[in-house]
Amino acid sequence: MSTQSLYLIFFGGLLPLMYFGYILGRNKAITIRTKGIKMHSQPDQYGWFSALYTGLPVMTVGVVGVFSYLFGFDGIPPFMLIVTALSLGALSLFLISKKMNEHTRARNLVEEFIKGILMMAAFISILTTFGILISIITEAIHFFQRESFWGFIFGTTWDPDTAFLAGAGRGGEDVAEAKFGAIPIFAGTFYITAIAMLVAVPIGLLSAIYLSEYATTKTRDRVKPALEVLAGIPTVVYGFFAAITVAPLFVDLFEAFGIQASYRSALGAGVVMGIMIIPIIASLSDDVIKSVPNNIRNGSLALGMNKAETIKFVVLPSAMPGIIAAVLLGISRALGETMIVVMAAGLRPNLTWNPLEDMTTVTVKIVESLVGDQEFNSSLTLSAFALGLVLFVVTLVINIISITIIRKFHKKYKVSNL
Amino acid sequence: MSKIDKNNGFYIPQLEKRRAKAKRFKYIAMSALIVSLAFLMFFLYDMFRQGIPAFKQTYVKIQVEITEENLENPYGFLDRDMISIVSRAWLRDLPNQAAANPEWLGTTQEFWALAGAESDQYMKGGENRLKDRVKDRIDELKESGDIRFQTNLIFFFTGDSKIPENAGFYSAIIGSILTMLVTMSLAVPIGIMTAIYLEEFAPDNKLTQFIEVNINNLAAIPSILFGLLGLAIFINFFGVPRSSALVGGMTLALMSLPIIIVSSKAALKSVPNTIRQAGFGLGLTRWQIVRDHVLPPAMPGMLTGSIIALAQAMGETAPLIIVGMIAFVPDAATNILSAATVMPAQIYTWSGMPEKAYIEKTAAGILVLLSVLITLNAVAIYLRKKYTKTW
């Protein structure tokens with residue numbers, strides 16, 4: 001029997017059953033009420049109670065069944081399972097209509113049911129975190145069982161090309177061992193991030209200062225949507241922009257000074273990444289600066305400081321924790337940014353200080369090692385998960401720090417719009 | 001500020017310097033803002049400059065005698081120059097067209113045939129690899145009006161192709177729609193329900209706080225890690241087909257879930273507590289209050305947040321590459337289990353192609369994607385402006 005007809009039978013049975021339950025429950029409640037007996041809840045609440053608790057066993061069996069198939073237990077044929085589920089539903093409908101009387105707290109039971117469903121939804125959201133953690137950590141552990149952990153953290157050569165030979169059973173004495181030293185990759189990541197922050201922090205912060213302190217309301221209303229557009233541009237588009245427009249521009253520019261630049265230079269990727277981060281830093285710092293209370297500003301102006309001095313010596317120091325948090329969030333965005341570096345930075349792990357050479361990042365290596373036709377449990381594929389684990393831990397720590405700082409800042413100034 | 005009177009008894013010599021400094025600071029801040037807006041302008045200009053030409057396509061008028069022989073070998077009846085002008089894709093399709101119109105057989109038909117990518121680039125004044133002889137031929141045709149531009153419908157109504165002039169965005173658009181349907185039907189209900197639970201029902205204890213911190217962190221995790229999750233759990237563990245809209249949509253749903261939760265919570269929080277207390281005072285249960293008195297005013301805020309989160313998911317590429325959605329997909333996906341590609345992934349694939357014609361298509365694809373995203377965001381902002389209540 002096809003999956004579609006199975007679903008059809010399941011829902012074709014469930015929905016009429018629940019509708020029938022609703023009618024039955026409500027009618028029974030109305031009958032009791034017309035006898036003049038005082039009831040706990042309203043008739044339609046009895047209807048809902050009867051419908052929901054008729055559906056509950058059916059759906060529970062259905063969900064458990066689907067999951068057991070996904071996990072690979074397929075002892076019971078699906079048709080049997082559906083028949084069992086529906087007959088359980090009919091049984092519970094029978095029991096409900098039999099037992100229900102004026103003392104049944106239908107309203108509270110419906111409330112409990114809905115609360116339970118909402119709780120399940122919240123549970124699924126939490127599961128995501130653990131899903132990420134478990135999936136990355138287990139695969140990373142597989143990787144570290146094969147390759148040395150310290151070699152990964154402190155090794156300076158990344159040369160996994162021969163890993164697939166070992167995966168194909170052709171590894172041996174004559175094949176050079178694959179090397180997984182991630183230092184050049186980490187170095188490239190931090191270097192490109194640093195370039196991006198050099199672009200984004202001054203421009204973003206100064207834009208925020210101008211917007212929150214100097215600009216008229218009219219300018220603000222016009223500029224803010226433009227910044228939102230800049231923030232909403234997908235990263236793949238920035239990547240295309242970096243690779244097709246910015247990189248050749250930089251090559252030509254440095255050619256004019258007689259300097260050789262790569263078409264996939266760290267500088268090009270970093271600058272475009274900086275442009276991407278400007279709106280993030282600008283809008284977060286703008287919120288923070290605006291939440292600095294006005295009486296602090298007025299106090300400073302009353303002491304004879306002019307506006308720029310007030311901003312530099314009073315407003316910015318008070319807003320500093322929030323600004324630091326904004327910069328940290330920008331850094332974590334830059335570290336995890338993928339498409340710009342995949343399209344505009346290099347693939348070659350390269351340990352150098354020269355921003356005009358090509359460099360690679362953690363995210364590029366993750367993409368590169370997962371896109372090919374590799375066996376899933378080859379060392380190369382698993383290395384992506386090890387790199388992912390590092391990325392996860394680093395960004396998590398940065399995020400926690402910045403969220404804590406922002407929370408403290410808002411407590412200090414008693415504003416709660418973030 | 002007028003000129004300072006130096007004879008004033010209160011005159012301080014540093015004052016002018018300080019004022020100059022303050023002015024300078026203001027201009028620096030202003031120029032920073034102008035620079036960031038200039039980036040945006042330059043970026044948009046660059047995309048339009050590269051993308052607009054892709055919306056027109058060169059067509060050339062040719063006459064074909066429809067005979068069995070010509071249909072068997074469509075490359076045979078054109079001379080050497082015309083072969084390099086007319087698209088291979090069009091010639092290949094000619095027998096199919098003739099089969100669809102049997103009355104053509106034995107007659108001479110006039111066609112506006114699709115021109116190849118190289119001659120298209122020459123017509124648009126771009127780089128090309130045509131021989132001078134062919135270029136002269138195109139110039140002749142141009143003078144006699146036998147070669148012209150038409151609106152490029154192929155771009156919107158065909159899927160990807162290895163022949164640049166025949167490649168279109170259609171399968172990517174359909175793939176994006178399917179993926180977004182999956183994402184929306186998973187992320188929006190679960191996200192809103194989670195937000196309702198956390199904001200209205202959950203007791204304020206350590207567990208709830210832990211969950212909230214967790215969700216805030218999830219919102220800031222690099223998107224590529226969600227791709228790793230999708231690969232390890234959905235594809236490897238549950239066996240969902242690789243490259244399908246289902247796996248892509250589920251991965252994106254997990255990614256946009258925290259964003260939807262955070263914005264929905266903010267919307268619920270903005271409904272004043274007095275409303276809830278009035279409800280309790282009348283003897284309503286919590287769910288009745290939430291359903292009838294908290295959700296209606298919070299709905300616009302929740303919708304806005306969801307639309308913005310979905311727009312973000314629509315432009316996301318990295319996790320989809322990891323779950324294999326960059327496959328070459330010439331035909332649009334028909335269901336959520338078949339191989340699909342999405343707009344940003346198609347942009348990524350085309351941007352890696354060596355032919356110049358693909359770069360033009362990439363920029364055009366970007367224009368389509370950006371206009372969809374900006375429309376979505378504009379709708380969200382309009383909803384927020386129109387329906388948000390200030391209490």
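This is a predicted model: local features need pLDDT of at least 70, side-chain atom pairs count only at pLDDT 80 or more; totals for chains, interfaces and linings use all residues.
**View 1. The largest nonpolar core and its most connected members.** The largest nonpolar core holds 155 residues, and among these A:Ile209 and A:Ile366 touch the most other members. The element that gives the most to this core is helix 7 of chain A, spanning residues 183-214, which supplies 17 residues.

**View 2. The surroundings of A:Ile209.** When residues up to four places away in sequence are left out of the count, A:Ile209 touches A:Tyr214, A:Ile289, A:Ile311 and A:Leu316 of chain A, together with B:Phe25 of chain B.

**View 3. The largest cavity and the elements around it.** Four cavities of 30 Å³ or more are counted in the model, and the largest of them has a volume of about 50 Å³. Among the residues that line this largest cavity are B:Ala54, B:Gln57, B:Asn152, B:Pro164 and B:Glu165. Two elements of chain B, helix 5 (117-123) and helix 16 (356-387), are those that give two or more residues to the lining.

View 4. Sorted by class, the lining of the largest cavity comprises five charged, four nonpolar and three polar residues, with B:Asp120, B:Lys124, B:Glu360 and B:Lys361 among the lining residues. Domain 2 (55-163) and domain 3 (170-387) of chain B each contribute at least three residues to this lining.

Terms used:
Residues are numbered from 1 along each chain as its sequence is written. Chains are lettered from A and ligands numbered from 1 in the order in which they are written. Side-chain values use heavy atoms; hydrogens and water are left out. A nonpolar core is a set of buried Ala, Val, Leu, Ile, Met, Phe, Trp, Tyr and Cys residues joined through side-chain atoms within 4.5 Å. Buried means under 20% relative accessible area, exposed over 50%, partly exposed in between (1.4 Å probe, protein chains only). Helices (H or I, at least four residues) and strands (E, at least two) are DSSP runs, numbered from the N terminus. Contact means heavy atoms within 4.5 Å. On a 1 Å grid over the protein atoms alone, a cavity is a set of points where a 1.4 Å probe fits but cannot get out, and a pocket is an open set with protein on both sides within 12 Å along at least five of seven lines; lining residues have an atom within 4 Å of a point. Grid points are joined across faces, edges and corners, and a volume is the space filled by probe spheres set on the points. Ala, Val, Leu, Ile, Met, Phe, Trp, Tyr, Cys and Pro count as nonpolar, Asp, Glu, Lys and Arg as charged, and the others, Gly among them, as polar. Domain bounds come from an automatic or database domain assignment.
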